[in-house]
Amino acid sequence: MTEVRLNRLTKIYAGGKPAVDAISLDIPTGQFVSLLGPSGCGKTTTLKMLAGFEDVTSGDITFDGQDVVRVPAEDRDIGMVFQNYALFPHMTVHQNLAFGLEMRKIARPEIQRRVQATLEMVQLDHLADRYPAQLSGGQQQRVAIGRALTIEPRILLLDEPLANLDAKLREEMRVFIRDLQKRVGITTIYVTHDQAEAMTMSDIVVVMFDGHIAQAGAPRDIYETPKTAKVAGFVGQVNLIEAHVDPDHPGHAATPFGPVPVTAPGVGETVTLALRPEAIDIAPAGAPGTPATIERVQYSGAIVDYTLRFADGTAMEVKTIPRHPFAIGDAVSLSVDLARFRQLEREY
Amino acid sequence: MTQRKTFLLLLPAGVLLVVFLAIPYVSVFISAFRVPGQGTPYGDGYTLANFTRILGDWFYLGQAVNTMLIGAVTTLATLVIGLPVAFQLARPDLKLRGLFYGIVLSPLLVGIVIRSYGWTILLGNNGVINRTLRGWGWIDGPLPLMYNTLGIVIALTHVFLPFMILPIMAAVQGIDPSVASAARSLGARRPTVIRRVLLPLAMPGIQSGCILVFVLALSSYVTPALIGGLRVKTTAVTVVDAMIDTFQWPFGAALALTLSVLGGASVLIFARLTRMKWK
């Protein structure tokens with residue numbers, strides 16, 4: 001098992017601004033870590049540097065304290081799963097799985113045994129003699145994961161492995177990959193731009209923007225206590241409220257829901273507060289709370305999304321189970337536990 | 001558009017194929033069984049005599065075998081030279097791509113007669129190569145490079161190189177680069193990546209390149225005629241001799257048909273041996 005550490009890792013392509021800008025990250029043994037961010041944020045470049053496919057401009061990568069920056073990809077002992085699977089089309093499933101073991105000059109019977117074990121692990125023993133072109137997308141995906149794991153690598157890297165699958169299969173594969181990772185106990189780094197994937201699968205989510213780590217932490221921490229508006233917005237829907245510090249309540253910001261305790265700024269300054277749409281309760285007009293009008297209703301069965309507007313013109317998103325059949329134009333009353341507000345850091 | 005109307009769209013191509021391909025083939029096939037005439041292309045009636053003459057005479061069969069050997073060696077030579085070139089040209093980071101394409105295609109940009117005479121200047125007993133080697137004192141007498149099989153193979157290799165390089169290049173360009181990365185991450189070094197992954201995946205291109213060059217070399221006329229001269233004749237040269245010099249159209253047709261059957265059979269066997277199960 002392997003602990004991975006990135007220290008001020010940087011990648012600058014010729015004549016450009018840094019694609020990855022001095023990021024530092026500790027990944028404890030056996031953890032499932034997602035690098036989450038929009039395209040161009042540097043997550044894939046980071047993964048390629050970890051795999052050894054991309055030269056490091058500066059900084060260190062260590063596996064269990066051992067510097068691997070100058071170790072070529074073929075000697076890094078890494079299992080890599082590519083977005084398009086990158087299976088060997090001219091080899092059967094069995095041959096694909098055996099390839100990495102043959103490279104390690106392992107004896108035939110031992111290769112047979114380990115390939116068989118992997119086939120069972122990824123539930124493909126009935127397809128061992130098929131060629132990749134004869135498999136479905138989900139099956140190809142399982143071959144790719146199996147091929148990466150047969151060599152019993154130090155770490156497992158996955159580059160948007162579910163991007164090419166349809167929605168239903170994607171959810172199945174999320175569970176499959178997570179279960180497998182837990183069973184094998186391998187340190188895993190998973191690149192994705194899909195926040196739902198990152199949140200549901202990971203021990204640690206690392207949110208990246210513009211070559212920097214914006215925030216790293218457990219999925220729950222990232223979602224409930226985002227540091228910036230960008231992070232808050234990337235991992236889910238959020239209401240951002242620009243509030244003035246309330247002259248009547250020092251240390252509090254004035255919001256439509258009442259004064260919310262904030263840190264630092266003096267009277268008259270503004271702070272940005274985040275409020276998740278599901279933190280707000282919606283009730284018929286007359287109930288205790290702040291009056292608002294419904295502007296839009298998006299009903300999707302289990303939940304319903306409302307867009308509302310306060311008398312002062314502020315808009316608010318509310319997500320709730322469909323308890324009342326509210327319609328557009330209805331007057332309602334909104335209430336919220338003030339502890340659900342999060343004060344965000346300023347972004348410069 | 002209905003099924004029947006879309007069929008009409010095939011009509012121009014269909015007519016073209018029938019007029020310029022099917023009819024000439026059938027006509028060659030029929031000619032091969034005709035009786036030679038006196039002062040006319042054909043006499044009356046049909047015969048197998050043209051074929052018994054070819055199959056009963058080692059001169060013609062030996063010549064056909066030699067022609068196929070020239071084809072095979074030319075194919076091998078273009079493969080050995082073309083394979084590394086094709087791999088380099090397929091690199092996505094290649095600079096001056098247009099220039100290199102031009103160089104690869106250059107043998108096809110020069111007229112076939114001019115190109116063949118160019119080779120006689122180089123390969124002749126008093127040609128550039130022999131004079132240079134003698135000037136350096138490396139050889140006493142001239143190396144026999146012209147009027148033999150070697151000269152024909154050299155000249156054919158030059159012309160047909162693009163037909164080997166281009167299909168292989170296309171096949172290599174079609175390989176997903178992450179497949180090579182995957183092989184590396186599994187522990188394969190560069191030579192192993194090439195041998196176990198890239199070469200097998202380039203096989204469709206190698207196969208078509210080999211078939212193209214072999215068929216072209218088998219049927220080539222101008223280069224063997226000019227470089228081989230009177231001493232080495234390929235079947236194609238003998239066919240033209242029979243048609244034009246001695247006016248034996250039925251015999252020429254039978255000879256051409258024999259070569260087509262031998263060549264076609266070789267191509268089928270080759271395709272069968274190099275069949276790719278994963279395709």
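1. A residue is called buried if 20 or more other C-beta atoms lie within 10 Å of its own, exposed if 12 or fewer do, and partly exposed in between, with C-beta atoms placed from the backbone. By this criterion, 39% of the 348 residues of chain A count as buried.

2. The model is predicted: local features need pLDDT of at least 70, side-chain atom pairs count only at pLDDT 80 or more, and totals for chains, interfaces and linings use all residues. Residues are numbered from 1 along each chain as its sequence is written, while chains are lettered from A and ligands numbered from 1 in the order in which they are written.

3. Chain A has eight helices and 20 strands; these are DSSP runs numbered from the N terminus (helices: H or I, at least four residues; strands: E, at least two).

4. Helix H5 of chain A, residues 167-184, contains 18 residues. From first C-alpha to last, H5(A) reaches 26 Å, close to the 26 Å expected at 1.5 Å a residue; the expected span is 1.5 Å times one less than the number of residues.

5. Which residues of H5(A) are buried? They are A:Met173, A:Ile177 and A:Gln181. Seen down the axis of H5(A), these buried residues fall within an arc of 65 degrees, so they line one face of the helix; the arc is that of the directions from the helix axis to the C-beta atoms. An α-helix has 3.6 residues a turn, so residues three or four places apart point the same way.

6. The face of H5(A) turned away from the buried side carries exposed residues, among them A:Lys168 and A:Arg183.
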